[in-house]
Amino acid sequence: MQTLLYEVKKMYIFQKGLIFIVLFIVMHFFILVEVDKPVNSNVEDNITQYSFYLDKVRGHLSSQTEQFLQEESHKINEAKVEIDKLYDSYYNGDITESTFIHERSKLEEVIKNQEGFDAIFEQYIYVREKPDERYFLYTNGWNALLGTENLDYFAVILILLLVSPIFCQEYENSMDSLTLTMKKGGRSQAVCKILLVFTSIIILCIISFAFTYLFYDLKYGLQNGSYPLQSLPFFSTSTKTLTLLNTYLYLCLFKLFGYISFSVLIMFLSVCMKKYALTLFTSVALIFLPFIGLDNSAIKYVCTGPLGFMLATGFFRGDQYRTDVFTDEIKMTFQEISVKCLMISFFILLFFVIFMIYLVIKLRSNQWQRLKRKNMPEKLILSSVLFLITIGITGCTHQSHYDTYNYSSHMSFQNDQYQFYVNESDSDNTQLVYKDLETGEIHDLVKTPMQSSLKMERTLYGNGRYIYYIKYHINKSELKDYVDRVSIIEIDTKNFNEKVIFERNTDLEKKLLMGTIRLNNKDAVLQNTGSFFLDNNNIYFISSDVRQVNRVTGKTKTLDIPTNANIAYNGKRIYYIGDRYQLSYYDTEDGTKGIVPEIITTKFFLDDTKVLFLNRLDHKKLYILNLQNNTVKKVLDKAVLDFRSEGDFIYYHDINDQQEYKIKMSDS
């Protein structure tokens with residue numbers, strides 16, 4: 001007992017184990033609070049509406065539940081159609097304002113919980129595929145608890161810091177020879193060390209598992225733990241008959257076994273290598289190399305020793321497939337691990353754990369003859385080198401003024417000296433060119449000797465003396481050419497020097513470590529960019545959605561902005577046509593949204609001081625909004641089909657004869 005108490009004091013006090021444990025608990029809490037995001041953020045954003053419907057359908061899918069969902073879907077869809085007709089009637093002057101408000105309130109009552117219903121209906125589509133093993137429930141809590149396959153890095157680091165010094169410190173200080181000459185030798189001391197490690201890991205794991213469960217229960221709620229595991233889409237193809245709560249208990253037991261096995265491996269390496277740094281390096285390599293290198297493979301769970309049980313989630317997954325985008329072949333990405341295979345892996349690892357414990361105790365048993373030691377070389381030092389990557393903010397210097405961007409003119413830009421545009425006179429060879437406004441001469445904007453391996457997007461963005469364009473790099477090494485990289489090029493029109501301010505790999509799969517690691521590349525969507533604009537901090541790509549990409553970190557955020565070919569930007573706000581044709585905006589500085597009051601339009605054009613728009617409330621007549629004093633006035637007392645603004649002139653098509661006319665802005 002005295003030996004055990006001494007080892008406890010040495011581990012927790014002298015080797016600062018207590019400090020490491022406190023830091024682990026603090027970091028564990030911080031990660032849970034700050035990093036955790038709901039798997040389905042749409043449900044969280046509309047939790048009241050979602051709960052309204054979930055309370056009606058929770059549990060097994062019955063015929064009554066299915067009928068209720070179908071009828072509710074039909075009712076909401078009809079209400080959406082009717083409310084659109086109502087707005088059209090009001091805008092056209094067919095009904096009075098009082099009638100409009102009365103009818104709208106009735107229809108809005110029907111669709112007020114639409115966002116929540118959409119989330120439930122999406123869940124219904126999943127549940128009805130296998131109604132016997134998939135139930136309706138609130139999934140964010142259980143998804144956060146079970147549906148992740150991440151290694152707990154802080155737990156791994158804590159075990160390394162606690163266990164590695166247990167034996168290595170004695171070898172480093174040449175105390176091992178002294179302990180081995182004691183009457184009872186080092187056997188009892190080794191057993192005490194092993195028991196202390198096991199006890200510490202068991203207690204820490206229980207605390208960590210209980211704390212994690214309590215956190216998710218308080219944040220999301222973990223109701224309906226008796227529902228089948230397959231109720232979560234992450235385990236949709238699993239054949240194991242388990243409930244959600246039972247799965248978490250098994251998960252905790254497997255992880256506990258994995259952490260204990262890892263600690264035994266560290267102790268075994270300690271008594272074999274007798275070097276603290278080398279033990280740390282080898283232990284880390286045995287865990288992290290297969291974790292990174294084997295990616296999503298089931299081999300990671302059955303052939304990697306402690307790692308598979310430290311992850312554990314894969315033991316409960318089913319077969320998973322994906323479709324090859326090039327060949328349309330269905331390929332298996334994960335093969336379900338059977339119970340038999342799981343038990344074989346468990347007993348094999350258990351055998352090695354027992355064998356390593358035996359060797360540790362044997363190697364630490366007393367040696368009645370003092371071992372002669374040669375002069376030891378200086379202690380092996382494994383230095384952890386911290387690379388501070390300083391990334392200068394590329395692109396143009398900070399500018400307080402931005403030329404306004406309009407999607408309708410994304411193929412051209414003009415500053416004081418030049419006019420830049422996409423030359424489409426040759427449909428097979430569109431080019432980016434510029435015209436000198438003083439001489440009238442036209443020149444190619446892009447000059448490159450490798451045209452065959454490059455492609456320029458038919459879009460431009462300009463701001464002051466700087467012009468930007470998108471360059472696609474074509475990979476011709478495969479059977480079929482494809483775009484593997486996208487760059488944004490900045491041209492300073494003062495000297496026409498080019499500079500790459502942004503570049504991303506857009507191959508559908510990222511390949512690392514000579515192809516051993518394959519990751520789905522989220523940047524592949526940048527291949528389909530229709531237009532773009534930028535500021536000092538971000539680049540905004542417009543395609544089927546608007547993606548905000550940080551120019552320094554590369555972090556991507558999809559903005560909830562409809563892309564209806566009518567988007568404008570003035571350096572601070574992104575203007576767009578929102579619900580019910582309302583002119584809306586997104587503030588890029590604080591992320592807030594708003595609407596421009598009483599502006600109902602189907603098309604608009606933004607410049608520095610005003611907004612030209614077709615007034616939907618006045619039969620699509622052309623109006624102007626002064627952004628400085630928020631006054632609105634009519635520009636043209638005619639119904640307009642379409643218009644564009646070029647310099648001081650407005651070109652419009654009359655809705656009656658569909659002929660194009662021109663008026664000067666000052667004349668309006």
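Biologist: How many bridges join strand β25 to strand β26?

Modeller: Strands of a sheet pair through backbone hydrogen bonds, either parallel or antiparallel. In this predicted model, five bridges connect β25 (residues 649–654) with β26 (residues 660–664), and the two run antiparallel. Strands (E, at least two residues) and helices (H or I, at least four) are DSSP runs, numbered from the N terminus; two strands pair if DSSP finds at least two bridges between them. Tyr 651 of this pair stands opposite Lys 662 in β26. Five residues lie between the strands of this hairpin, and Gln 658 in the turn has a positive phi of about 60°.

Biologist: What is the order of the strands in the open sheet of four?

Modeller: The order is β14-β15-β16-β17, with antiparallel pairing. β14 (531–534) and β17 (556–559) stand at the edges with a single partner strand each, so one side of each has no neighbour in the sheet. From one strand to the next the twist averages 20°, taken between axes that are lines fitted to C-alpha atoms, with angles from 0 to 180 degrees between N-to-C directions. Four bridges join β16 (residues 546–550) to β17, and Gln 548 stands opposite Lys 557 in β17.

Biologist: How far apart are the end C-alpha atoms of helix α11?

Modeller: The expected span of a helix is 1.5 Å times one less than its number of residues. The 33 residues of α11 (residues 187–219) should therefore span 48 Å, and the end C-alpha atoms are 48 Å apart, which agrees. Just after α11, Gly 221 takes a positive phi of about 100°.

Biologist: Which residues does the "transmembrane region" annotation cover?

Modeller: The unreviewed UniProt entry lists several stretches, among them 12–33 and 337–360; such annotations may be inferred rather than shown by experiment. Residues 12–33 are 91% helix and 0% strand, with end C-alpha atoms 27 Å apart. Residues 337–360 are 92% helix and 0% strand, with the ends 32 Å apart.

Biologist: How many helices and strands are there in the protein?

Modeller: There are 16 helices and 26 strands. Of the 668 residues, 46% count as buried (under 20% relative accessible area, 1.4 Å probe, protein chains only).

Methods. Residues are numbered from 1 along each chain as its sequence is written. This is a predicted model: local features need pLDDT of at least 70, side-chain atom pairs count only at pLDDT 80 or more; totals for chains, interfaces and linings use all residues. Side-chain values use heavy atoms; hydrogens and water are left out. Buried means under 20% relative accessible area, exposed over 50%, partly exposed in between (1.4 Å probe, protein chains only).
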